[in-house]
Amino acid sequence: MLIKDLMITDPPTLERNAYVYEVFRKVNERGIGRVIVLADGNLTGIISTRDLVNLIDLRCGSSCEKSDVYGMIYRTAEEIMSPQPQVAYEEMEPLDALTIMVARNFGALPVLNSAGRLTGIVTEREMLLLFQDIDELLSVRRFMSKRVKTAYKDATVRDAVSIMAKGGFRRLPVTDETGKVIGIVTASDIVRGMDKEIRKGNPEEYVRKPLHEVMNRNVLTVRPEDSVNQAAAKMIIERVGSLLVLDENGKATGMITERDLVIALYHQLHLTLK
Ligand code: AMP
């Protein structure tokens, strides 16, 4: 298999002078969580859901006024993009692209053909498909994060943004007063919510909402003794990017995300090649 067999073709793109509110809209297209930025049709940058959460954190003061939000969404894609992104090529082996993603901590790589034209994108999610063809050697326990950061249900979307931006992650389990997990909020939920409210003209109200109003109550779990292959299969089937490990009281004792699975995959493919 080559990258061209794995990649998503025709990825979401915007020209560099597009406004940031267009980025909020596009980044959710087809669940890719990235927008590729073009200059006269050529690749010049990339913007991810995580970049948008960091942007809200940076540009929206603690109270997040309307003027903060409008100051943010009328910037251009070029001002907030990561310039000259690392790329993959259609004819590359998936392991080579995986190595770049792990070594450089990138969740996605734009794909170019031999003529240097943008033809697709490959993300952590497509990499998870590679687990289908390899042995079940590694456990979830080994690759999950064991100190899970959670937020109380009355904390606001603004609070969640700041926790995610500081922690450098994209998911936040939401708890009740006993510490039991009752929902989860993701960076893409927040970006989608923001996009919807920008269109309605009230984005500043959205960021003040308590998490219990915006969270997803469908908390998907995995057992620490399950294989990473099983975790990958569940994420693909359920179309989520993370699974939680809960104790008997429903408290979070672990979390495994696409990112952790990509690292596990890298580990296993390198082990098997030796
Ligand atoms: P993500 O960007 O959400 O895929 O996560 C990046 C890294 O942070 C992975 O190693 C995750 O296991 C970890 N992680 C994600 N969310 C949390 C959280 N709420 N608390 C602790 N670690 C997390």
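Met 92 sits in the loop that lies between strand 6 and helix 6, in what is a predicted model. Is this residue buried or exposed? Met 92 counts as buried because 21 other C-beta atoms lie within 10 Å, where the cut-off for a buried residue is 20 or more. Once its neighbours within four places in sequence are left aside, Met 92 is in contact with Leu 2, Ile 3 and Ala 97. Asn 17, by contrast, is 75 residues away from Met 92 along the chain, and the C-alpha atoms of these two residues are separated by 31 Å.

Ala 97, one of the contacts of Met 92, belongs to helix 6, which covers residues 94-104 and in which Pro 94, Ala 97, Leu 98 and Met 101 are buried. These four lie on the same side of helix 6, because they cover an arc of only 100 degrees around the axis. An α-helix has 3.6 residues a turn, so residues three or four places apart point the same way. On the face of helix 6 that is turned away from its buried side, the exposed residues are Asp 96, Ala 103 and Arg 104. Just after the helix comes Asn 105, which takes a positive phi of about 60 degrees.

Strand 1 runs antiparallel to strand 8 (residues 118-123), and two bridges join them; in strand 8, Ile 121 is the bridge partner of Ile 8.

A second open sheet has three strands in the order 9-10-11, again with mixed pairing. Its edge strands are strand 9 (151-152) and strand 11 (181-186), each of which pairs on one side only. Strand 9 and strand 10 run parallel and are joined by two bridges, whereas strand 10 and strand 11 run antiparallel and are joined by five bridges. The table sets out bridge partners from both sheets.

| Residue | Bridge partner | Strand of the partner |
|---|---|---|
| Ile 8 | Ile 121 | strand 8 |
| Ala 151 | Val 174 | strand 10 |
| Tyr 152 | Thr 175 | strand 10 |
| Leu 172 | Val 185 | strand 11 |

How many of the five residues of strand 10 are buried? Five of its five residues are buried, and the strand is mostly covered. Both of its faces are covered, with Arg 171, Pro 173 and Thr 175 buried on one side and Leu 172 and Val 174 buried on the other. In a regular strand the side chains alternate between the two faces of the sheet. The hairpin of strand 10 and strand 11 has five residues between the strands, and in this hairpin Gly 179 takes a positive phi near 90 degrees.

Among the residues around the ligand are Ser 145, Val 148, Lys 149, Arg 171, Leu 172, Met 255, Thr 257 and Glu 258. Divided by class, the shell has six charged, four nonpolar and two polar residues.

Taken as a whole, the secondary structure of the chain comes to 14 helices and 13 strands. Of its 274 residues, 40% count as buried. Of the contacts in the chain with a separation of 6 or more, 65% are between residues 24 or more positions apart. Along its principal axes, the C-alpha trace spans about 55 × 55 × 25 Å. The radius of gyration of the chain is 19 Å, which agrees with a compact globule of 274 residues, because such a globule would have a value near 19 Å.

Conventions: Residues are numbered from 1 along each chain as its sequence is written. This is a predicted model: local features need pLDDT of at least 70, side-chain atom pairs count only at pLDDT 80 or more; totals for chains, interfaces and linings use all residues. A residue is buried if 20 or more other C-beta atoms lie within 10 Å of its own, exposed if 12 or fewer, and partly exposed in between; C-beta atoms are placed from the backbone. The arc is that of the directions from the helix axis to the C-beta atoms. A residue is near a molecule or strand if its C-beta atom, placed from the backbone, lies within 6 Å of it. Ala, Val, Leu, Ile, Met, Phe, Trp, Tyr, Cys and Pro count as nonpolar, Asp, Glu, Lys and Arg as charged, and the others, Gly among them, as polar. Two strands pair if DSSP finds at least two bridges between them. Two residues are in contact if their C-beta atoms, placed from the backbone, lie within 7 Å. The radius of gyration is taken over C-alpha atoms; the globule rule is 2.2 Å times the number of residues to the power 0.38.
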